[in-house]
Amino acid sequence: MQSTSGWMYPTVVICTYGFFSMMRPGEPFLTPFLTGPYKNISISQVLYPIWTYSNLVLLVPVFLVTDLLRYKPVVVLQGLCSVVAWLLLLFGSGVRAVQIALFVYSIASASDVGYYAYIYSIVHAEHYQRVTSYCRGSILVGFAVGSLLGQLLTSFGATSFYWLNVITLLFLSIALLLSFLLPMPQRSLLLNDLHPNGPNLDISSDLARPSRFSVFTLRRVRWRYILCSWSKLVKDCKECYSSVTILFLSLWWSMGRCGFYQVSNYVQILWSLKEPHDNFTAYNGAVDAVATLSGAATSFAVGHMTLSWSMWGELVLGVFSVVTAGSVYVMDITRNIWICYASYVLFKSSYMMMITICTFQIAKKLSKECYALMFGVNTFLATAIQTILTAVVINTKSLQLPLTTQYFIYSTFFAIIAFIFLIRGVYSVYHVRRSLLEERSPGGHVCDRSTDPPKNTQF
């Protein structure tokens, strides 16, 4: 176990890596770059779903490799794939090069599990809430600074979109170098010591056989150990999701992440439809910067709040899910680009606050081994839901839904999430308050002021 005094260095390094990995001044202007004179691609929504489909296929193998390699190599892989993806965007030509770049970038996106789970394999559980806010906040600040830099360079420095992406490549290269400075976790979390008190494999009889069978014996023992470990892994996963509280937090995490990426992946195309046609200057970078900075502020604030999240957390998720649903709906119906910009800022700020709440609440309620497992499972579920939405809403030729109709569907998606968590949140508050009243002694003193929902609630 990492000592309490040793949590600062890995946290600083991983947060610095996250900051530079998101310093991408060219990303808010990626669509104009691809459709402009440098690439001259007739951009459509056909290109962007490649990232969604590839991410779903790659997520499971990357997650398994993440545990076997103990997280750090996957963080390095993420940095390397980001660099390669931007090299292809800059120096590749044609639609095929962009498709390959999106595929390589999907590897980096699938490697997010290494970035977010790495810090929990290093620091003590008492620091989970704080390091979660730091890791997410550093990513948001990095993206905000990069977006603001891109807006300033295009508006006042007359910098072309090409050079914005060159600068992005420079920052990504710095992040790649920083990834090598991360300390290596001492063990694999899932397959090694997942159940240290579980039954041991008796291999003495196998090893006592003649030496000519030693190679086959070792292989058999290795496969027996792997199968035993995975059977325990499946059992542990069932135990984690048997808790109603964990199940609802995971539900919001998966559905909220899916909805966020569906909205943000196509927002540049939506903005292009809302923009006036009389020499309007795009403010994509400035809007992304403001949205991300406000999201970073809420993430940092959540990390230091003393609210009883076990009591009020689900109700907070329900209320702010209403805010996200309303903001996406306004983005859909408005014809004013500035209202559309403002609605996106509100949407992203609310989402970043809620995803931070879900992340540290799940981490606090589980061991770090189980959290690594649940992070991978929840990410896979989010990507699977996103793939279904993409296939139905975007790639179904029979529907041919316009982009504004798609955003109406996304707002309805968040409204459903809000309805579920408002009901669940009211129930949780009522249940905890009733439990507190029942535990009051006749003298009016509270015997136990625990605000946690019932821990043994099982399906």
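Entry 1. I note at the outset that the model is predicted.

Entry 2. I then looked up which residues touch Phe375, leaving aside its neighbours within four places in sequence. The contacts are Asp112, Val113, Tyr116 and Trp253. I also checked Gly114, which lies 261 residues from Phe375 along the chain. The C-alpha atoms of Phe375 and Gly114 are separated by 9.9 Å.

Entry 3. I stayed in helix 16 and turned to Phe380, which is found there as well. Phe380 has a relative accessible area of 31%. I recorded Phe380 as partly exposed, because 31% lies between the limits of 20% and 50%.

Entry 4. I looked for a surface feature that includes Phe380 and found a nonpolar patch, formed by Val60, Leu64, Phe380 and Leu381. Together these residues have about 280 Å² of accessible area. I asked which helices supply the patch with at least two residues each. They are helix 3, spanning 49-69, and helix 16.

Entry 5. I turned to charged pairs and asked how many salt bridges the structure holds. The number is 2.

Entry 6. Another salt bridge is formed by Arg424 with Glu314, whose closest N and O atoms are 3.1 Å apart. This pair links distant parts of the chain, its members being 110 residues apart. I placed Arg424 in helix 17 (residues 403-438) and Glu314 in helix 14 (residues 309-333). Arg424 and Glu314 are both buried.

Entry 7. I recorded 17 helices and 0 strands. Of the 459 residues in the chain, 53% are buried.

Entry 8. I also looked up how far along the sequence the contacts reach. Taking contacts between residues at least 6 apart in sequence, 85% join residues at least 24 apart. Finally, I noted that the protein chain exposes about 20,800 Å², and that carbon and sulfur atoms supply 66% of this area.

Conventions: Residues numbered from 1 in each chain as written. Predicted model: local features only at pLDDT ≥ 70, side-chain atom pairs only at ≥ 80, totals over all residues. Heavy atoms only, no water. Contact = heavy atoms within 4.5 Å. Salt bridge = Lys/Arg side-chain N within 4 Å of Asp/Glu carboxyl O. Helix = DSSP H or I, 4+ residues; strand = E, 2+ residues; numbered from the N terminus. Buried < 20%, exposed > 50% of the residue type's maximum accessible area, 1.4 Å probe, protein only. Areas by Shrake-Rupley, 256 points an atom, 1.4 Å probe, with all protein chains shown as cover. Patch = residues over 30% accessible without salt bridge, like charges linked within 9 Å, V, L, I, M, F, W, Y side chains within 5 Å.
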